Amino acid sequence: MNRVLIDLKASFKIFFRSKAAVFWTLAFPCILILLFGAIFSEMDSKYSLYVQNQDIVGGEPTLTSRNFIEALNQTGAFNLHTLDPTINVTGYALDKKLSYVLVIPEGFENDVSKANATIEFIYDQSQTSAMVVMGILNSVINEMNLGIASYPNPPQHFVVLQGETIAPKRFSFMDFFLPGMIAMSAMTTSIFTAVEISSRYRETGIFRKLATTPLRRIEWILSRTLYLIVISFIGMSVILMLGIALFNVKVIPDPLSLILVATTSMLFSGMGMILSRFVKDPETAGAAANAITFPMMFLSGSFFPLEQMPEFLRSIATVLPLTYVNNGLRDAMIMGEPQRAIMNTIIVAVLGVICLLAGAWITKWEEE
Amino acid sequence: MKRNLVAIEVNSLVKKYGDLTAVDSISFTINKGEIFSLLGPNGAGKTTTVEILECLRRPTSGRAYVLGFDISKDQDDIKKRIGVLPQEFNTFDSLTVRENLQYFAGMFGSSVDIDSLIKLVDLEDKRNEQYKKLSGGLKQRLGVAMALVNDPEIVFLDEPTSGLDPKARHEVWNAIRGLKRQGKTVFLTTHYMEEAEALADTVTIIHKGKIAAMGTPEELITRYGQRNLLILRNTDKVAVPLIETMGLEANFDSDAGDVKVTLNHSSDVSEIVRALTLKQIPFGEMQLKRSSLEDVFLNLTGETLREAETP
């Protein structure tokens, strides 16, 4: 056990002295988060909203409809585009691939005075920002309702936004993205470090030197595994701190998320050991690790929700271990539904133990 | 009593890799306190032999005992008592000289004085330098020190000066001589003749997995080497009959004006000089060419060391 501690201590020294290791493990995920955060918050700020105003009296839009459009404009959230009142909106929206179309129906002003007004909202459900746009629209309408209600002698007339109702979900893109980044970081750190160390130590003869000491292979692998779990935890903390500080992500502390990250690290260290056993040359082994992890990131819902993907890609996702890590982490630390994360945790843990044992079994210090 | 003097005993050791027999039934005994050199070209089976003795590989057949422990049963006992500088030695790049020594001392649970080891291999100035920043010779010296962290009785050095420049090589040699002074048994493999000649008490020449000859360097040169050669430059050919009267073989090279004499004894040199001076035969320069282990190898195998290397 003492030997494990000595090896761990040396491993951390080596890690923090390697600028590349620190960069890829800690700085790179942060850069990705900032980058994605910037892209999505930029997109969040201006949505293209197409408005068709059918409430025209005497060739002029009614005052109420104009006030409403002006209120939309003042939110600063939209780039407003006006559609000709005569076109068929649904067909046009499909044809032109418009995401958000608002229809102010004929007689809107009249309906407002009768407390029976509706506004039709046609939107592309697959857009991640649909909920956000809907939320903004609702707040504008609420504002308008309140405004009407605060008149002296309020007519108590209200406008209702008519659209497809969806269960309220208050999660932002970052809420979704952060667990994906944690899983990705644990995966890449573990598999690349395992591949790198196994193949380099073999190539440079460090394994041969270690084999001449009383250090046992199993002790070395234990130390390696603990090391990668701790590094994955460090990566996780950095990502979480960034998400909480800059993107206001609400994280629910849950032991399952720690177990998930630890077993993810085990799973991919094992996979790295297996890889470097079959692909001896360090460069090729690294490329092979890339070939495994890169598609996995995209297909397992690290960056984009699986629901947005075509059916056949979704079926691929069900056989990728990272999918279960992503789902488990989201359920445990963001959605606050740990009971849903239990199954995912079990799957990842079982795979993790199997991979690690196989990797440990297959790793040889000496050739022949 | 005899057993206590023996450091390593090897009996009919064989190692096969598929069809290739890397080590072909070799036997030898190494006494405690000596520098034993296994000399041979690359691919002769040197590293396979040491790695079997270090318990890194298993022999196909045959027996070997290190400090009385059986290599097939007592690996843990052996590993505790030996120190190893592996071939093409490397250690953790970004740990310092000191940290590397501490790491390996820790692996043995050894409380060795790290600073005295650093001093032994003369790395005091570099103790806080990272391994990757050391030159080749310094790296090898650290490797020698690392082989000593557990205060071993036997130190295995596999090609310790391979690829080093002559200056660095001599520095490593000094470190190796230091080991002998400490009473350690040293098992040295090398493909450098001059290294074996300079350091070894006993040399075993290995060729294609078999032992070709064994003995002290002097014994080997006397037995298998050519006799020493004396070259007299810019001299007269009348020197030839004069030297022949002394019962020695002499030839005149008319192009260079050199006379080459094959010596029987080293005392012949002074006899020749006296005779030439007496007869007032001038000579420009005198060169004594000693026979070396290189000649021994050539005579034993019919190949020079370089030719014998298998890719």
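**Figure 1. Strands 4 and 5 of chain B are joined by two bridges and run antiparallel.** In this predicted model, strand 4 of chain B covers residues 61-66. Y65(B) stands opposite D70(B), which lies in strand 5 of chain B. Both strands belong to an open sheet of four strands in chain B, with the order 2-1-4-5 and antiparallel pairing. The edges of this sheet are strand 2 (20-31) and strand 5 (69-70) of chain B, each of which pairs on one side only. Helix 2 of chain B, residues 46-53, packs on the sheet and touches strand 1 (6-17), strand 2 and strand 4 of chain B. The direction of helix 2 of chain B makes about 120° with that of strand 1 of chain B.

**Figure 2. Helix 4 and helix 6 of chain B cross at roughly 30°.** Helix 4 of chain B spans residues 97-107 and helix 6 of chain B spans residues 136-146; their axes come within 10 Å. Because angles under 35 degrees count as roughly parallel, helix 4 of chain B is described as roughly parallel to helix 6 of chain B. The crossing of these two helices of chain B is right-handed.

Figure 3. Five bridges link strand 12 of chain B with strand 13 of chain B, residues 258-262, in the antiparallel sense. D253(B) stands opposite D258(B) of strand 13 of chain B.

**Figure 4. Helix 1 and helix 9 of chain A pack at an angle of about 45°.** Helix 1 of chain A comprises residues 2-17 and helix 9 of chain A residues 217-247, and their axes are 9 Å apart. The angle makes helix 1 of chain A oblique to helix 9 of chain A. Helix 1 of chain A passes helix 9 of chain A in a right-handed crossing. In helix 1 of chain A, the residues R3(A), V4(A), D7(A), L8(A), S11(A) and F15(A) meet E219(A), W220(A), L222(A), S223(A), L226(A), Y227(A) and I231(A) of helix 9 of chain A. By class, the contact of helix 1 with helix 9 of chain A has eight nonpolar, two polar and three charged residues.

**Figure 5. The contact between the chains takes 20 residues from chain A and 23 residues from chain B.** On the side of chain A that touches chain B, helix 1 and helix 8 (206-211) of chain A each supply at least two residues. The largest share of that side, seven residues, comes from helix 1 of chain A. By class, the side of chain A that touches chain B has seven nonpolar, six polar and seven charged residues.

**Figure 6. Chain A and chain B are each shown by domain.** Chain A is divided into domain 1 (2-40 + 172-362) and domain 2 (46-162), and the centres of these domains of chain A, taken over C-alpha atoms, are separated by 47 Å. Chain B is divided into domain 1 (2-223) and domain 2 (227-289), and 43 Å separate the centres of these domains of chain B, also taken over C-alpha atoms.

Key:
Residues numbered from 1 in each chain as written. Chains lettered and ligands numbered in written order. Predicted model: local features only at pLDDT ≥ 70, side-chain atom pairs only at ≥ 80, totals over all residues. Axes fitted to C-alpha atoms, helices over the stretch in contact; angles between N-to-C directions. Parallel < 35°, antiparallel > 145°, perpendicular 65-115°, else oblique. Left-handed = near helix turned anticlockwise from the far one by under 90°. Contact = placed C-beta atoms within 7 Å. Nonpolar A, V, L, I, M, F, W, Y, C, P; charged D, E, K, R; others polar. Domains from an automatic or database assignment. Pairing = 2+ DSSP bridges.
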